Amino acid sequence: MSNDKYRFEEIKDQIKELLEEAISLVPSAERDRAESYWFAEILIALDEDHDYLGGSMCSMQDTINEWNDYDDEEEEEDED
């Protein structure tokens, strides 16, 4: 795994951790609204590890998966 790809994945995980921390700071009276809007939008953009219907057209995890596929293709070409 390249350093850039590894760092990209770390950033995705850090965003998820910070997002969980942020929603925990929201007072309970406002939490339902926050979870329905900005929290859901950000969470869905990260990956499919959520309980919301639907998903992102291209999540950060999708980008990682595509990056892995590209790396696999490059390795196959190098072997030929």
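**Burial cut-offs.** I call a residue buried under 20% relative accessible area, exposed over 50%, and partly exposed in between (1.4 Å probe, protein chains only). With that in hand I looked up F39, which is buried because its relative accessibility is 6%. W38 comes out at 36%, so I put W38 down as partly exposed.

**Ground rules.** This is a predicted model, so I kept local features to pLDDT of at least 70 and side-chain atom pairs to pLDDT 80 or more, while totals for chains, interfaces and linings use all residues. Residues are numbered from 1 along each chain as its sequence is written, and side-chain values use heavy atoms, with hydrogens and water left out.

**Overall layout.** I counted 4 helices and 0 strands, and the pattern along the sequence reads α-α-α-α. The radius of gyration is 16 Å, well over the 12 Å that the globule rule gives for 80 residues, so the protein is more spread out than a compact globule. For my own reference, that radius is taken over C-alpha atoms, and the globule rule is 2.2 Å times the number of residues to the power 0.38. Helices (H or I, at least four residues) and strands (E, at least two) are DSSP runs, numbered from the N terminus. The C-alpha trace spans about 60 × 25 × 15 Å along its principal axes. I also noted that 21% of the 80 residues count as buried.

**Contacts in general.** I take contact to mean heavy atoms within 4.5 Å. Looking at contacts between residues at least 6 apart in sequence, I found that 41% join residues at least 24 apart.

**α2 against α3.** Two packed helices are described by the angle between their axes and the distance between the axes. For α2 (residues 28-36) and α3 (residues 38-46) I have an angle of about 40° and axes 3 Å apart. The axes are lines fitted to C-alpha atoms, for helices over the stretch in contact, and angles run from 0 to 180 degrees between N-to-C directions. The two helices are therefore oblique to each other. The cut-offs behind that word: under 35 degrees is roughly parallel, over 145 roughly antiparallel, 65 to 115 roughly perpendicular, and the rest oblique. On the α2 side I see A34, E35 and S36, which meet W38, F39 and A40 of α3. By class, this contact has 4 nonpolar, 1 polar and 1 charged residues. My classes are Ala, Val, Leu, Ile, Met, Phe, Trp, Tyr, Cys and Pro as nonpolar, Asp, Glu, Lys and Arg as charged, and the others, Gly among them, as polar.

**Aromatics.** How many aromatic pairs does the structure hold? I got 2. One of them is W38 with F39, edge-to-face, at 6.4 Å centre to centre and 80° between the planes. Rings of Phe, Tyr and Trp (its six-membered ring) pair if their centres lie within 6.5 Å; planes under 30 degrees apart are stacked, over 60 edge-to-face, and the rest tilted.

**Lysines in α1.** Are K12 and K16 buried or exposed? K12, in helix α1, is buried at 5% relative accessible area. K16 also sits in helix α1 and is buried at 17%. Leaving aside neighbours within four places in sequence, K12 contacts L46, D47, M60, Q61 and I64. With residues up to four places away not counted, K16 touches L43, L46, D47 and D49.

**The loop between α3 and α4.** S59 is in this loop, and I have it as buried at 3%. Beyond four places in sequence, S59 contacts I44, A45, L46 and D47. K12 and S59 are 47 residues apart in sequence and 9.9 Å apart in space, C-alpha to C-alpha. C58 is in the loop as well, but is partly exposed at 42%.

**T63.** This one lies in helix α4 (residues 60-79) and is partly exposed at 28%. From T63 to D47 I have 16 residues in sequence and 9.7 Å in space, C-alpha to C-alpha.

**L25.** Last entry: L25 belongs to helix α1 (residues 3-25) and is exposed at 64%. L25 and Y6 are 19 residues apart in sequence and 29 Å apart in space, C-alpha to C-alpha.
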